[in-house]
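Visitor: Hi! Could you walk me through this structure?
Guide: Happy to, let's have a look together.

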Amino acid sequence: MKIKKTMLDQSTICAISTSPGVGAIAVIRLSGSDAITIADRVYESPKTGKSLADQAANTLHFGKIVSADETIDEVVIALFRAPHSFTGEDIIEISCHGSVYIQQRILNVLVENGARLALPGEFTQRAFLNGKMDLSQAEAVADVIASANAAAHKLAMNQMRGGFSKEIGALRDQLLHFTAMVELELDFSEEDVEFADRTALRKLTEQIEELLRKLKDSFQLGNAIKNGIPVAIVGETNVGKSTLLNALLNEDRAIVSDIHGTTRDVIEDVVNIHGTAFRFFDTAGIRETEDQIETLGIERSYSKLEQATVVLLVVDTNNPYPLVESRIQNIRERIAPHQTLIIVANKIDSGLRDTIQQIEVMELTDNEKAVFIAAKQKENLEELIDYMSHSINMEEAEQQDIIVTNARHYEILKNAHEAILRVLNGLDMQITGDFLAQDIRECLHYLAEITGEVGTEEVLGHIFKNFCIGK
Ligand SMILES: Nc1nc2c(ncn2[C@@H]2O[C@H](COP(=O)(O)OP(=O)(O)OP(=O)(O)O)[C@@H](O)[C@H]2O)c(=O)[nH]1
Ligand SMILES: [Mg+2]
């Protein structure tokens with residue numbers, strides 16, 4: 001592929017691949033055609049005296065790293081030869097003692113002897129450019145490293161092994177078959193024949209449309225697993241939203257006071273509760289105000305509400321019921337069918353009996369719940385957490401093979417889905433084969449962007465820049 005050739009830089013790169021700071025051991029990685037030669041310039045084997053160049057692939061070697069007759073450290077070196085390595089190039093991995101000083105010294109002598117410091121993600125980028133993995137798999141490497149919970153880890157591992165790419169590949173094969181048939185017709189357009197049976201074509205297109213839609217829709221779930229279920233805490237001023245956030249996080253994250261309008265901006269934090277990650281957004285209390293900054297804050301509250309999977313509407317049970325009811329009504333109007341609204345009746349330690357009772361008997365829809373808590377006393381939070389956990393269907397996640405977790409893939413799938421809808425529409429309108437073929441080609445193009453078979457250097461650069469150095 002053209003872009004691949006131009007991007008492949010021949011220099012030998014090095015980086016500390018373990019996390020920064022002191023550890024028992026650290027690993028420094030060298031990759032490129034000169035990796036073994038450069039390592040030999042600084043390596044001494046006290047026992048055999050053999051150089052690394054004379055050693056077999058996939059072997060370990062004990063020895064010293066020396067610079068100008070000074071021993072920097074005693075190390076173990078792992079040796080891999082192209083193409084059987086992570087990057088597809090010769091790789092040397094030096095396991096040294098974990099002091100920051102030693103790590104830096106070794107890195108310096110490698111650079112002095114001809115290596116260059118690696119850019120973020122450059123090892124994985126080389127693996128991609130050398131055909132060791134496709135783009136979606138390379139992206140998953142970053143996700144595996146970053147995964148903070150079991151579900152996210154499982155998804156990322158699946159993607160790294162190529163599950164997602166396989167699914168996309170199968171889709172492309174079907175589409176290619178489809179275009180081949182349609183394009184064949186074009187060659188015989190004079191004769192007015194139809195090789196591509198329109199009923200069969202329609203069935204195939206419908207299948208592809210359904211699959212693309214499923215993949216696209218799985219992103220909401222995928223995003224929730226990877227980044228935490230987005231939960232917006234909204235309500236009037238002084239009802240106890242920030243107190244609730246602090247109680248859920250188990251720390252004094254937000255300022256709490258009895259002054260109305262304490263929180264002015266959105267406060268965000270992620271916490272893992274019983275194995276599920278939640279991303280909480282505490283928002284500015286909603287009220288009529290002349291204050292410009294507060295008004296801006298309230299606008300943000302509404303926008304967080306829109307983006308959330310779960311909305312916690314906090315109400316103060318010290319208020320008379322009609323007032324509470326009108327607040328609930330106001331928020332209800334803004335809740336979309338895919339969102340869960342949990343009415344959190346707070347301050348039950350001091351609340352009005354009547355208000356609490358009326359909320360208890362309120363009629364709720366399928367995606368609504370009500371809980372009664374005292375945030376300040378951390379009373380009854382378990383029930384609330386339970387409701388939040390059930391707002392996304394983890395069983396569905398277990399059953400579904402492929403879940404899209406990557407925002408780039410999601411954008412592309414959206415485009416591909418639109419293109420396939422145009423094909424369906426075209427079949428309905430009985431448009432000519434050449435227009436049909438054009439839409440199918442477009443859809444194919446999008447799918448190829450996911451696996452990196454087509455793409456621009458810019459996109460690739462952007463993806464790998466978000467990696468950590470040494471990976
Ligand atoms: N009695 C009682 N007081 C509470 C409870 N939860 C919160 N409060 C008090 O209510 C007051 C307001 O709490 P905040 O958490 O600051 O309220 P908020 O909704 O974030 O307010 P704004 O940021 O102004 O919108 C504070 O004095 C809290 O101590 C509760 O369960 N019971
Ligand atoms: Mg607040």
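Guide: A word on pockets before we start: on a 1 Å grid over the protein atoms alone, a pocket is an open set of points with protein on both sides within 12 Å along at least five of seven lines, and its lining residues have an atom within 4 Å of a point. Grid points are joined across faces, edges and corners, and a volume is the space filled by probe spheres set on the points. This is a predicted model, where local features need pLDDT of at least 70, side-chain atom pairs count only at pLDDT 80 or more, and totals for chains, interfaces and linings use all residues. Residues are numbered from 1 along each chain as its sequence is written, chains are lettered from A and ligands numbered from 1 in the order in which they are written, and side-chain values use heavy atoms, with hydrogens and water left out.

Visitor: What volume does the largest pocket have?
Guide: About 430 Å³. Among its 25 lining residues, G240, T243, V256, S257 and K347 are the closest to the centre.

Visitor: And what kinds of residues make up that lining?
Guide: Six are nonpolar, 14 polar and five charged. Here Ala, Val, Leu, Ile, Met, Phe, Trp, Tyr, Cys and Pro count as nonpolar, Asp, Glu, Lys and Arg as charged, and the others, Gly among them, as polar.

Visitor: Where does ligand 1 sit?
Guide: Ligand 1 is in the largest pocket, meaning that more than half of its atoms lie within 2 Å of the pocket's grid points.

Visitor: Which residues come nearest to ligand 1?
Guide: K241, T243, G261, T262 and D349, out of 25 around ligand 1; a residue counts as near if one of its heavy atoms lies within 4 Å.

Visitor: Which helix gives the largest share of that shell?
Guide: Helix α9, residues 241-249, with three residues. Helices are DSSP runs (H or I, at least four residues), strands are E runs of at least two, and both are numbered from the N terminus.

Visitor: What about the side chain of T263?
Guide: One of its polar atoms lies 2.8 Å from an oxygen atom of ligand 1. The protein buries 91% of the 660 Å² that ligand 1 exposes when taken alone, using the Shrake-Rupley method with a 1.4 Å probe.

Visitor: New topic: which peptide bond is cis?
Guide: The one from A82 to P83, with omega near 0°. P83 is in the loop between β5 (70-80) and β6 (91-97).

Technical notes:
Polar contact = N/O pair within 3.5 Å; in protein donor to acceptor, adjacent residues only side chain to side chain. 1 Å grid on protein atoms, 1.4 Å probe; cavity = no way out; pocket = protein on both sides within 12 Å on 5 of 7 lines; lining within 4 Å.
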